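Below are some notes for a colleague who wishes to look through this structure point by point. Please read them with the sequence and the coordinates at hand.

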Amino acid sequence: MMASLSRIAARRRIIPSSRWTTIEQISARPFSSSILHGINDEQHHHEHRFPVTTFTEDEMMAREAARQWARDVLQPVVREMDDECRTRPEIIQGLFENGFMGMEIPEFFGGSGMNFTSAILVVEELSRVDPSVSILVDIHNTLTNNAVRFWGSNELKSKWLPRLATECVSSFALSEAGSGTDAFAMKTTATPSPDGSYYILNGEKLWISNSREAGVFLVFANANPELKHKGITAFMVDARTEGIHVGKPEKKLGLRASSTCPVMFDNVKVDAVDVLGEVGLGYKYCINILNEGRIGIAAQQLGIAKGCYDIAMPYIKERTQFGTKLADFQGMEHQYAQIATEIHACEVMTYNACRMKENGLPFVKEASMVKLYTSQVAEKAASKSIEWLGGLGFTQDTLAEKFYRDCKVGSIYEGTSNIQLQTIARRIKDMYR
């Protein structure tokens, strides 16, 4: 764990701060539509009811650590990684060294020991610079790490959490050719041995993010196909296990530096102790963890929208046509005011979903709403930013065109927009019974 987040942990143990700190004192990054203040964790929970756009000092420091690292280390290589269609090893190493890969993993296991909101803020800030790196961090934290924390045995936690926090990239292996949105139609099987001491996995997963870099796969396979979805079981499978084959990365529209590959399991032997949780409950774990993951995708999309705004606004404030700054034309004012308003709405929805989750409140509807809406706003902000930049926006001289390509998948993965609408509608009907 790198110094930045370890310092937060040390300060948390030694100096319980009580002062307020504005984000303007910490960072001069342009877009922050909220009035964001740092507040003490104890104050947040016991003294007052603060707006959801306020954060504890620990959360603010985590956000600033991600922001600074993304600006200083990640941004200079974003274009090269997009062209190379790979995330450089030194960037992945930096994610681990900074503590960004073990955000909610307890310090006892080598993690940063922070909360869900802190993890989401890190995802947002990384996405503001490179959504490809952001999705690697998001999947690792909100899906794999949390699944192990929630349902892993003590043995699995001891085996994997230290590695997940410090050096081992994870991959969430769920989707297949015939089971995308209909995830539980999967064909991958996990045949138990006669004595129940191990399982043999066979099948092929498709569109698996982080698969090229993964040291471990969280694999969903059916241990009893006769029970249909109630046979689905989750396994933590070491990527070095014999019989695992990672195919060529897909050639994608966006998120090119993020590896997305088919993964084949050919008679892969997995010990029974590597079952995550209980046999046959994989479908429940999958549903629950993807609800959290949707908030992570929302943070990624919010970061994209802010990244676009960060590129376009300085340009239109400087660019002069007909003797007037572009930003001073009323028609332009209306456009960037509208986008700023929608970005702020995304902030409120995202941070509110985080707080609902952290406080043990039902958040399925809110997670679906925020994933749906942020994906729409990201597309709109990306498109508008290119228009505001004019011919420059249509070139690779800025990252606006990359954000435009990267954002589209937000309406597809971890539940399509239509699935989010269906989930929202179902919850609304339940409210009016």
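1. On strand pairing, Ala221 stands opposite Thr233 in strand 8, and strands 7 and 8 (residues 232-238) pair in the antiparallel sense over seven bridges. Strand 4 (residues 170-173) runs parallel to strand 7 and is joined to it by four bridges, with Ala173 standing opposite Val219. Strands are DSSP runs (E, at least two residues) and helices likewise (H or I, at least four), numbered from the N terminus, and two strands pair if DSSP finds at least two bridges between them.

2. The model is predicted: local features need pLDDT of at least 70 and side-chain atom pairs count only at pLDDT 80 or more, whereas totals for chains, interfaces and linings use all residues. Residues are numbered from 1 along each chain as its sequence is written, and side-chain values use heavy atoms, with hydrogens and water left out.

3. Helix 11 (residues 330-358) has 29 residues and reaches 42 Å from its first C-alpha to its last, close to the 42 Å expected at 1.5 Å a residue, where the expected span is 1.5 Å times one less than the number of residues. Just after helix 11, Gly360 takes a positive phi of about 70 degrees.

4. The average pLDDT (the predictor's confidence in each residue, from 0 to 100) is 92, but over residues 13-29 the pLDDT is below 50. Where pLDDT is low, the predicted coordinates should not be read in detail.

Conventions. Contact means heavy atoms within 4.5 Å.
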